[in-house]
Structures are given as structure tokens and as C-alpha cells.
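Visitor: I'm new to this one. Can you walk me through it?
Guide: Happy to. Here it is.

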Amino acid sequence: MTFTILVLFVNVFVFANQVEAKKELLSGLESSDLREILEDIFNRLDEKDRELVEYGRVNALQQQRIQELENQLNSINKDCDLKPATKQVLKPPMKQLKPDGVERKSRQNELEHPVAFYATLTNHTFHIGTGQPIIFDRVVTNVGQAYNHVLGAFIAPVSGVYVFSVTLFAMPGHTTAYNVMKNDVFISRMYLKAPSGNYETAAQTFILQLDKGDDVNVQNVSPDEAIHGYNYSTFSGFLLQQTFGNPAAVIG
Ligand SMILES: *[C@@H]1O[C@H](CO)[C@@H](O)[C@H](O)[C@H]1NC(C)=O
Ligand SMILES: *[C@@H]1O[C@H](CO)[C@@H](O)[C@H](O)[C@H]1NC(C)=O
């Protein structure tokens, strides 16, 4: 009996992978207990075979992934070696982004766009309609090209805090009002009353927190009005501080 089982086991190992051989072997057995034991052994062997195949597959995928990562790492190392200048160039701006650094307090932040404009009104302008902007046509200063002398509007090139100044000069015999407007929304009003034969001037400075693309201009209020030119009426402004954070907190 012992011998028979031993022979059977040898056979089992030799033909373990051969389904037909296994079936044959099992059907030839007289003892149902032995058949059951062998069937169980065969099943377990099959299962181990499947596991091995699966491990092999996972292993191959991992090898492939390792290779990809090695390639990426090599190319990153290569880039760093080839362009040491890039690393150096990146350093100064990063330093300036420190929230509490001394650099932060400086107005001469390299990341800031210089923006400053100053324009005057060359000629007297008559028959200005309600809501029509004053076109300060003569551009004296326009650093950053943010003032548009055709529209008479300043358009913020970057988000930030801006300082503006408007001086208006009324024609004799005219009582006029003007609105400072941001995105066509009222900000403040200027009023001039020049009796006949007299002049009147009004000036205003205002500070606005603007988002990139916001526009600011000065619009006439009363219908069919006039304003004095000859460079007495002016519009100017500059960027006080660029803002880089959340643009949601807009004051005006
Ligand atoms: C101002 O008036 C002069 C003389 O009439 C004219 O030549 C010039 O084009 C005017 N300028 C503007 C900006 O309208
Ligand atoms: C206003 O400025 C323009 C451009 O410089 C000049 O031609 C004109 O004479 C000036 N007008 C006055 C009254 O200064």
C-alpha cells in the first residue's frame, strides 16, 4: 500500500500539469478516499500555478514601472546638470515671495509691473452727453501703456492698489458734474460751478483696489455739457502695490 501511494505521488508530480493524465489516474483509483485526497492535491497545485502566473505578471508590471521612473529620474538629473542657470534664476523671485521678508516691504519688487500715466485735455470739448467719458487725449506719461487715450480710460494691467488724480476745469458760465467710474459703476462725484466770465477748478485723489482688466474713467453727468481744455484738465494715476493673492476682497 505504502509503495503504491509512493508510486502514485511520483506519477502525480510527473503529470501534475497534464489534465488528461490526472483524470486517467483518478479514474483508475479504487479507493474513493485516496481519489479525494489526490483531487485536492491537484486542485491546490493548479491554484499555485495560477498564483505563480499572476505574480509573474505583477512582477513584470513593477519592473516596467521601475524602468519608467528610472528614465524620468535620469532625464530630470540630466536637465538639472545641463541648465544650472535655471535653478539660479528661479531663486531670487522665490525669496521675494516670503511673506515676512524684508524684500516684501520694498516697492521695487521685481514681480511688479511699473504702471504710471498722466494725460491732459488739449482742446475745449463741447456737447458732451450724459455718461460720455472725458477723453484726456494728450498723453504725457504712460508707463505700462495702461491708459487708453482714445477711450479716455485706464485699464488695470495687473490686480493691485492704484492711486488716481483728476483735475477738471469748468468753462465760464457752466455748472457741471462728473462721475469717477470703475467698470461703469459710480465711485465719486466732482462738481464745478463757474459763473459767467469766471473759471472754476476741482480736483480729487482716489485710491482703488482693482482686479486685472478693471477700467476707470471720468464721465460727464449733465446732458450737452462742455469742459475746458488747454491742458487745465488732467487725469493721472499709478500702481501703488500689486496684489498677488485672492482678488475677491475688493474694496471699491
Ligand atoms: C485740437 O484742436 C486742434 C485745432 O482745431 C486740432 O488740430 C486738433 O486735432 C485737436 N486735437 C484733438 C485731440 O481733438
Ligand atoms: C497743451 O498741450 C499741447 C501738447 O503739448 C500743446 O500743443 C498745447 O499748446 C497745450 N496747450 C496749452 C494751452 O498749453
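Guide: One term before we start. Partly exposed means a relative accessible area between the buried range, under 20%, and the exposed range, over 50%. Arg-57 counts as partly exposed because its relative accessibility is 46%. Keep in mind that this is a predicted model.

Visitor: Okay. What does Arg-57 form a salt bridge with?
Guide: With Glu-54. The closest N and O atoms of the pair are 3.0 Å apart.

Visitor: Is Glu-54 buried, partly exposed or exposed?
Guide: Partly exposed, as its relative accessible area is 36%.

Visitor: How many salt bridges does the structure hold?
Guide: Five. Among them is one between the side chains of Glu-68 and Arg-65, at 2.8 Å from N to O.

Visitor: How are Glu-68 and Arg-65 placed in helix 3?
Guide: They are three residues apart, so about one helical turn separates them. Glu-68 is partly exposed at 35% relative accessibility. Arg-65 is partly exposed too, with a relative accessible area of 44%.

Visitor: What about Asp-214? Which residue is its salt-bridge partner?
Guide: Lys-182. Here the closest N and O atoms are 3.9 Å apart.

Visitor: Which parts does that pair tie together?
Guide: Asp-214 lies in the loop between strand 9 and strand 10 (215-220). Lys-182 belongs to strand 7, residues 174-182. The pair therefore ties together parts that are 32 residues apart in sequence.

Visitor: Asp-214: buried or exposed?
Guide: Buried, at 11% relative accessibility. Lys-182 counts as buried as well, at 10%.

Visitor: Let's switch to the sheet. What order do the five strands come in?
Guide: The order is 3-1-12-6-9. It is an open sheet, and the pairing is antiparallel.

Visitor: Which strands stand at the edges?
Guide: Strand 3 (138-143) and strand 9 (200-210). Each has a single partner strand, so one side of each is left without a neighbour in the sheet.

Visitor: By how many degrees are neighbouring strands turned against each other?
Guide: On average, by 10 degrees, with direction ignored.

Visitor: What holds paired strands together in general?
Guide: Strands of a sheet pair through backbone hydrogen bonds, either parallel or antiparallel.

Visitor: Give me one pair. What is the bridge partner of Ser-165 in strand 9?
Guide: Thr-205.

Visitor: Now strand 12. Where does Thr-234 sit, and is it buried or exposed?
Guide: Thr-234 is in strand 12, which covers residues 234-242. At 10% relative accessibility, Thr-234 counts as buried.

Visitor: Which residues does Thr-234 touch?
Guide: Leaving out residues up to four places away in sequence, Thr-234 touches Tyr-118, Ala-119, Thr-120, Phe-136, Ser-165, Val-166 and Thr-167.

Visitor: Last topic, the surface. Which residues make the nonpolar patch?
Guide: Val-150, Leu-151 and Ile-155. The patch is about 260 Å².

Visitor: Where is Ile-155?
Guide: In strand 5, residues 153-155. Ile-155 is partly exposed, with a relative accessible area of 34%.

How values were computed. Residues are numbered from 1 along each chain as its sequence is written. Chains are lettered from A and ligands numbered from 1 in the order in which they are written. This is a predicted model: local features need pLDDT of at least 70, side-chain atom pairs count only at pLDDT 80 or more; totals for chains, interfaces and linings use all residues. Side-chain values use heavy atoms; hydrogens and water are left out. Two strands pair if DSSP finds at least two bridges between them. Helices (H or I, at least four residues) and strands (E, at least two) are DSSP runs, numbered from the N terminus. Axes are lines fitted to C-alpha atoms, for helices over the stretch in contact, and angles run from 0 to 180 degrees between N-to-C directions. Patches are made of residues with over 30% relative accessible area and no salt bridge: like charges are joined within 9 Å, nonpolar side chains (Val, Leu, Ile, Met, Phe, Trp, Tyr) within 5 Å. Accessible areas come from the Shrake-Rupley method with a 1.4 Å probe; for residues, only the protein chains shown count as cover. A salt bridge is a side-chain nitrogen of Lys or Arg within 4 Å of a carboxyl oxygen of Asp or Glu. Buried means under 20% relative accessible area, exposed over 50%, partly exposed in between (1.4 Å probe, protein chains only). Contact means heavy atoms within 4.5 Å.
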